[in-house]
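Please read it with the structure open.

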Amino acid sequence: MAIAQFTLWGAQCQWLIARCVLDSSLFVPYLSQGKILFKGSSTVSCLTTLLAGTPMRICGRITKNGMKRAKEEGQGAHFLLYEYGEIRNVDSCLEQTLQALGPGDLFVTGANALDAFGHAALLIGSSGGGGYGACMPFLYTEGIRTLILTSVMKLIPGDLSLLNAQIIRKKCDFSYGMACSLVPIPGEVLTEAQAIELYAHVNAQVFAKGGFSGAEASVAIQIEGEREEVEKVLHLVEQIKSLPSQPPVDADSLTECAYPCSGCSQHRSCAYANKQTIFHSIKMSRS
């Protein structure tokens with residue numbers, strides 16, 4: 001038996017999860033027979049880039065300025081469908097695409113929050129939940145398998161099944177950026193440890209998080225198994241560390257919203273747009 005420890009930070013964790021899932025036996029039946037619907041997130045975009053060379057458009061994000069969305073919607077796909085070896089943008093026909101999915105098909109998404117009880121949730125900043133809002137009824141009723149790919153850096157204290165009902169965008173009086181709600185994601189969470197165990201016959205454990213001097217949001221992982229399997233993971237880690245330090249996403253979606261923008265009509269309590277309902281002065285010039 002052999003034991004190894006390594007650290008990954010930020011985008012490296014996203015690349016690792018994507019690579020392990022893509023190369024695992026879990027994905028094989030869906031690539032050869034079923035359909036896979038991908039919802040845009042930075043981790044899922046790593047996966048679609050590895051699978052088909054197609055990065056995804058991201059909408060909501062947390063930046064140094066708060067909870068933001070893309071300034072312009074852009075032409076990149078926020079929903080991609082993989083079927084019969086081809087991948088295509090289905091943003092314009094999302095509901096019809098969802099109606100055609102069922103048992104034997106796969107929905108792949110990221111998450112903004114995880115808890116210790118296995119729950120996952122997304123931040124929602126627009127009325128009705130945007131694209132994910134359209135997905136929810138189908139995910140709950142049609143037997144579509146859902147994979148939630150996200151780092152343990154999204155782990156929060158508390159129970160999301162209780163917290164979801166307390167974080168409500170319409171109850172918020174002030175926000176740096178758009179006020180958000182939390183909505184649950186029904187499905188199977190795959191973080192770094194679970195993804196590694198899909199990829200190789202090892203036991204993987206996250207045992208520390210943190211970082212300093214450019215390595216913020218790092219995860220420390222220990223793996224244990226036969227030397228050949230441990231080496232397999234370490235070779236992958238070396239490959240991951242050579243990849244770009246930023247996740248591959250549609251370039252047009254990188255610029256965050258700034259007042260005024262198309263999202264202002266939907267967003268609530270945004271102090272940058274003077275939509276807060278309690279007084280709090282902030283500096284409005286943000287880079």
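1. Start with α1 and α3. These two helices are oblique to each other, because their axes meet at an angle of about 50°. The axes lie 8 Å apart. Keep in mind that this is a predicted model.

2. How does α1 pass α3, in a left-handed or a right-handed crossing? The crossing is right-handed. From α1, the residues in contact are Q14, W15, I17, A18, R19 and L22. From α3, they are S42, T43, C46, L47, L50 and L51. By class, this contact holds 8 nonpolar, 3 polar and 1 charged residues.

3. S41 has a relative accessibility of 16%, so it counts as buried; the cut-off for buried is under 20%. Leaving aside residues up to four places away in sequence, S41 touches I58 and G110.

4. Next, α1 and α8. Helix α1 spans residues 11–22 and helix α8 spans residues 227–241. Their axes are 9 Å apart, at an angle of about 130°. These helices are therefore oblique to each other. Here too, α1 makes a right-handed crossing.

5. Which residues join α1 to α8? On the α1 side they are Q12, W15, L16, R19 and C20. On the α8 side they are L236, I240 and K241. The contact of α1 with α8 has 5 nonpolar, 1 polar and 2 charged residues.

6. Now α1 and α7. The angle is about 35° and the axes are 8 Å apart. In this pair α1 passes α7 in a left-handed crossing. C13, L16, I17, C20 and V21 of α1 meet E192, A195, I196 and Y199 of α7. The residues of this contact divide into 8 nonpolar, no polar and 1 charged.

7. Look at α7 by itself. This helix covers residues 192–199. Its buried residues are E192, A193, A195, I196 and Y199. Why do they fall on the same side of α7? They cover an arc of only 165° around the axis, which puts them there. As a general point, an α-helix has 3.6 residues a turn, so residues three or four places apart point the same way.

8. What do the buried residues of α7 pack against? Two helices are on the list, α1 and α8. The strands are β1 (2–9), β13 (202–210) and β14 (218–225).

Definitions and conventions
Residues numbered from 1 in each chain as written. Predicted model: local features only at pLDDT ≥ 70, side-chain atom pairs only at ≥ 80, totals over all residues. Heavy atoms only, no water. Axes fitted to C-alpha atoms, helices over the stretch in contact; angles between N-to-C directions. Helix = DSSP H or I, 4+ residues; strand = E, 2+ residues; numbered from the N terminus. Parallel < 35°, antiparallel > 145°, perpendicular 65-115°, else oblique. Left-handed = near helix turned anticlockwise from the far one by under 90°. Contact = heavy atoms within 4.5 Å. Nonpolar A, V, L, I, M, F, W, Y, C, P; charged D, E, K, R; others polar. Buried < 20%, exposed > 50% of the residue type's maximum accessible area, 1.4 Å probe, protein only. Arc of directions from axis to C-beta.
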